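I opened a new notebook page for this one. Here is what I looked up, in the order I did it.

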Amino acid sequence: RNVELASKSPSLSGYEEFIAAVRENHRTMDLKDAIRFAIRSCIGRNILVEFLTEHGSEVENLLFHEWNWNEALEVRFDEGVAIGVEKGIAIGDKRVEQERSYMRDLLKQGLSHEDILERLDKRC
């Protein structure tokens with residue numbers, strides 16, 4: 001966007017032309033195709049030829065899978081929730097097994113259902 005600065009650097013000028021091509025292509029095609037077409041188009045027009053030939057797939061991946069801080073935080077939050085749910089289920093499963101074992105022990109002692117319910121109420 002800075003013509004004077006870009007004119008002093010063929011790489012920067014080429015980058016600006018490449019990004020402009022992606023934006024223009026994206027008006028009529030999906031982003032992935034817009035990036036691929038811009039890479040081929042720039043190589044054909046002798047823009048960033050060496051870089052795009054060597055790193056075209058990396059450029060495509062970086063632009064197509066654009067990552068920002070908010071998305072990273074959202075993904076991390078979702079991962080944390082999933083881990084928390086797994087831990088909660090494991091704790092709950094362990095607790096259920098402990099309670100079952102306790103009830104079996106009470107039944108083995110020959111206690112009545114009323115006595116067992118009374119003891120269970122006291123545990124809660």
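Entry one, the whole chain. I checked burial to begin with: buried residues (under 20% relative accessible area, 1.4 Å probe, protein chains only) make up 18% of the 124 residues in the protein chain. This is a predicted model, where local features need pLDDT of at least 70, side-chain atom pairs count only at pLDDT 80 or more, and totals for chains, interfaces and linings use all residues. Residues are numbered from 1 along each chain as its sequence is written, and side-chain values use heavy atoms, with hydrogens and water left out.

Then I looked up the elements: the protein chain has six helices and zero strands (DSSP runs, H or I of at least four residues for helices, E of at least two for strands, numbered from the N terminus).

Entry two, a helix pair. I picked α3 (residues 31-44) and α4 (residues 49-64), which pack at an angle of about 170 degrees with axes 10 Å apart. Axes are lines fitted to C-alpha atoms over the stretch in contact, and angles run from 0 to 180 degrees between N-to-C directions. So α3 and α4 are roughly antiparallel (over 145 degrees).

On the α3 side, the contact (heavy atoms within 4.5 Å) includes Leu31, Ile35 and Ile39. On the α4 side I noted Leu52, Gly56 and Phe64, among others.

Entry three, the loop. Which residue has a phi near 65 degrees? I found that it is Asn46, a positive value in a residue other than glycine. Asn46 sits in the loop between α3 and α4 and is exposed, with a relative accessible area of 64% (exposed means over 50%). Leu48 is in the loop between α3 and α4 too, and its phi is near 55 degrees, also positive.

Notes
Angles under 35 degrees count as roughly parallel, over 145 as roughly antiparallel, 65 to 115 as roughly perpendicular and the rest as oblique.
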